[in-house]
Amino acid sequence: MSNITVILWSVLYLIILFGIGYYAEFRSAANRSIINNPYIYALSLAVYCTAWTFFGSIGRATTTGVEYLYIYLGPAIMAPLFWILLRKIIRISKTQRITSIADFISTRYGKNISLGVIVTLLSVIGIIPYIAIQLKAISSSIEIVTSTTHVIQHSFNVFSDNTFYIAIGLSAFVILFGTRSVDATEKHEGLVAAIAFESIIKIVAFTIVGIFVTFFLFNGFGEVLKRSADLPSFQKLFVVQDNKMYIQMFSMMMLSMLAVLFLPRQFQISVVENMQEQHLNKAMWLFPLYLLVINLFVVPIAFGGSIIFNGQNINADTFILALPMYAHQPWLVTMVYIGGFSAASSMIIVETIALSTMISNHIVMPLLLFLSSITKLNFEKYFRLIVISSRRISIVVIILMAYLYDRTVAEKYSLVSIGLVSFTAVAQFAPAVILGLYWKEANKNAALIAILVGFVVWFFTLVVPYIVGAGFLSSEILNEGLFGLHFLKPLELFGMTGFDTITHGFFWSMFFNTVFFVGISLFSKRTTEEIYQAEMFVDIFKHSVQSAEGSIIRKGTAFIPDITSLLYNFIGKPRTDYLLAGYARRHKVNLTQSGKADPMLVSFAERVLAGAIGSASARIMVKNVVKEEELSIDEVLKILRESQLMKETNKELRRKSLELSKATEELRIANQQLKVIDEMKDEFLYTVTHELRTPLTSIRALSEIVHDNPEIPDPEKNIYLESIIKETERLSHLITQVLNLERYESGRTQLNLSGIELGALLYDIEDSARQLLKEKGLQIHFNIQTLMPLLEGDIDLLTQVFYNLTSNAIKHAKKNIQVEANYQDNIYRISIKDDGIGIPSELHELVFDKFFQAKNQTLKKPEGSGLGLAICKRIVEMHQGKIWIENLENSGANFIVEIPHTILTNKFE
Amino acid sequence: MKEKLKEQRLLFLSILFMMLFSFPFAKMMNGTFTILGVPQIYFYIFVLWLILIFLTWLIADTRLFKNKKKKDE
């Protein structure tokens, strides 16, 4: 592939990244964020996989075998702890507007400036080589793909060096998407979207090449592994040979567990760019899954390369490129190049952003404040400009330094070994951060000294050997020890031998770090500010955001104009006004321009500033404009206790009032139901008495006639008496029905279940209604399915239902009545149709009400009691069935009853 | 209460697997056998890794354990 092609591909890829960045920012501005979802979050966490993974793992796998995996097992084991550790760190960082790991440590220990400086320096010194190896990976891969053979030839000239221009392009990207706003707590949406995209590219490229090597160059995993059995180094790779290797594996695991939390880029992505804590739930398993998948094909590529290039002098770190080149697959080569480029560039982008924020907030700002305090010059107007430009400059400087490092030192070492040194550097933050999260006594002096000591030991045991190796120091120090003292040999500190370099350095640095940290914490005192911060960190879940905002430890007051002009200088007028308006709304205060700012507003301003310039510098800035009196430790503790107590009391109160309102609601509903029932009862009573009075009145009238007129002839008298008997019958029928209905409704009636032959039951009804049918000259037609299973039900009650329905139909029919019954899907369906005038559809439900007819006297003269259909409905419901009316096409009503085959006995109380 | 239990479960998971990937266990699984052509220790690590991911998913991202706890309360 020609030089031009490679440049074109790289430029094209960068353009795509810019495009994605702009799109994400555009979406974010339109309030439709594309990165606010757990999948993007998990993908962006995969910034953990750098060129080290893409190229270096393969090299590592050919030399130490299974050990390379432990760099990815560490994060997988740490992932379940994300919910415990990372969630707490995220919560704290959001409340206190923390922007980097240096800010986190300095804020925890009383917003201490020196801590911020040390953590920043250690990070920069520790990470620049790591960035350098990313550039090295890019430059080697360019060399390989542009060379005609797949062997690297060295040549070096800055301006003919493609890597140099790529480094410049990457700086431009970081500056554009990483330093847009001075408020570092604002999300870099474009950046995160680009990183997530890069994570997809690198895993896809790696997997495709893995598949190509495994299944096209070889015949699957089996063949690769079988053929590699002939290699001389086979035993070492397949089986762990030396027990010492287990220790090395364990230290890799521990190192990577810490690195996945404390590498500046991981902190940036997992904490600062986190949108919601809940996203952790998905990231906790998706991220390890990503690591697993990207590692699946490392072994086949490593072993495949060893087989094919056996005996040739090819760096195993470059197998992933060399193999497709060997196979003459230009497209595959391009893809691997882009994949490797994305792995390297994602790391460079996020790491430089994180480091530049740390440099501007923890080195440049304190320096500036110091300068302005001794020279009495007023820099304030330019602060904002200085912060942003210091970030931009440090981005360029970091990348250039990495570039130089790459061109001088890094050439001699493998990707992984340099990376591990960086891991050990950031592991030095572990005691201060993790213990700081759970142990209130951990204090500032301890953190300062412990990190410094860890730093020194790290430098001595891990960096010095590299410096010697690069030829900047004589090897005397390695052989004779520092100052000729034998117990100070960098690789055998205090005479410890038998471990690999990394384990050795990791052990000693962490040992001294932790011992000093705990020891000094136990024997020194904390300041008020430290105690307060310890409380806010350790008990973060007990303090709500409001109480963090509300509880202040300094009784500081200031003039509002001072505060606002301070904020203007740093975050600009529009954002200041926006934030202050939000504050005024939340706390229902009126921020007049001339008024005095209360302590709460002061501490709010300080937190806003902290988001831009780091908590320690913010502290100093605010101190300058605020008249404050320091509170005593006892007072601080009292305030804290009160705020906690208040939160608990509030919670209790809320719970109680919730319960109360729930109970009230239940009572209200019950009361309403009672009222409805009461009304129904009144109505029922009224209608019943009304209904009873009608026959009673006629009985009385007829009896009076007979009584008052003894001279009436017997035949006529008989007619009256017959009428009286008929009315009495009607009366007693009515009373029976009322009693029945009452019995069904109260649930006192038990169903007397038996197997019923539905067909026979319906035919029987025809028999008993025959007289009526004859009188009206009606025809009844049956259409009843034969061989229905027996219906389980109360035969007397069901007979009553169908008799009622049939007599209803008889009342209204003109010529024909149709009775149908069938059984399907465990349901009996009986329909009884007449060809009468039908029932208006708005009354379909009302007719099943008690005394419907009686209540609607205007419709037609009542026939029957008006309780028949209500009783039918009740009985059908007792059989867990349904009854309703369908109007027929032309005329006539169709009553339909559905009863399930099996009904549960005793369902009705 | 619920949060606490979830935290403890995840902590347990993490510690358990840290041990399973380390010395005595890793050494026990270190041998010359191959399973489907894959050396024993690689097979062990990858399978264990998958199980870890699966269990993390089960505890962190499913309702499986949430419902059970409601009954307990």
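Two residues are taken to be in contact if their C-beta atoms, placed from the backbone, lie within 7 Å. The views below show a predicted model.

**Figure 1. Contact between chain B and chain A.** The contact comprises 29 residues from chain A and 31 residues from chain B. On chain B, the side that touches chain A receives at least two residues from each of helix H1 (2–20), helix H2 (23–28), strand E2 (38–39) and helix H3 (40–61). H3(B) provides the largest share of this side, with 11 residues. By class, the side of chain B that touches chain A consists of 19 nonpolar, eight polar and four charged residues.

**Figure 2. Secondary structure of chain B.** Four helices and two strands are present in chain B. Along the sequence they follow the pattern α-α-β-β-α-α. Of the 73 residues in chain B, 23% are buried.

**Figure 3. Packing of helix H3 (residues 51–64) against helix H14 (residues 298–308) in chain A.** The two helix axes lie 9 Å apart and meet at an angle of about 65°. Angles of 65 to 115 degrees count as roughly perpendicular, and H3(A) and H14(A) are therefore described as roughly perpendicular to each other. The crossing of H3(A) past H14(A) is right-handed. H3(A) contributes A:Ser57, A:Ile58, A:Ala61 and A:Thr62 to the contact, while H14(A) contributes A:Val298, A:Val299, A:Ile301, A:Ala302 and A:Ser306. Six nonpolar and three polar residues make up this contact of H3(A) with H14(A), and no charged residues take part.

**Figure 4. Buried and exposed residues of helix H31 (residues 758–768) of chain A.** The buried residues of this helix are A:Leu758, A:Leu762 and A:Ile765. Because these residues cover an arc of only 50° around the axis, they lie on the same side of H31(A). On the face turned away from the buried side, H31(A) carries the exposed residues A:Ala760 and A:Asp767. The elements of chain A against which the buried residues of H31(A) pack are strand E5 (753–756), strand E6 (779–784), strand E7 (791–794), helix H33 (795–812), strand E8 (816–824) and strand E9 (827–834).

**Figure 5. Setting of A:Ile719 in helix H30 (residues 714–746) of chain A.** A:Ile719 counts as exposed because it has 12 C-beta neighbours inside 10 Å, and a residue with 12 or fewer is classed as exposed. A:Leu702 is 17 residues from A:Ile719 in sequence, and the two are 9.9 Å apart in space, C-alpha to C-alpha.

Conventions
Residues are numbered from 1 along each chain as its sequence is written. Chains are lettered from A and ligands numbered from 1 in the order in which they are written. This is a predicted model: local features need pLDDT of at least 70, side-chain atom pairs count only at pLDDT 80 or more; totals for chains, interfaces and linings use all residues. Ala, Val, Leu, Ile, Met, Phe, Trp, Tyr, Cys and Pro count as nonpolar, Asp, Glu, Lys and Arg as charged, and the others, Gly among them, as polar. A residue is buried if 20 or more other C-beta atoms lie within 10 Å of its own, exposed if 12 or fewer, and partly exposed in between; C-beta atoms are placed from the backbone. Axes are lines fitted to C-alpha atoms, for helices over the stretch in contact, and angles run from 0 to 180 degrees between N-to-C directions. Angles under 35 degrees count as roughly parallel, over 145 as roughly antiparallel, 65 to 115 as roughly perpendicular and the rest as oblique. A crossing is left-handed if the near helix is turned anticlockwise from the far one by less than a right angle, and right-handed if clockwise. The arc is that of the directions from the helix axis to the C-beta atoms.
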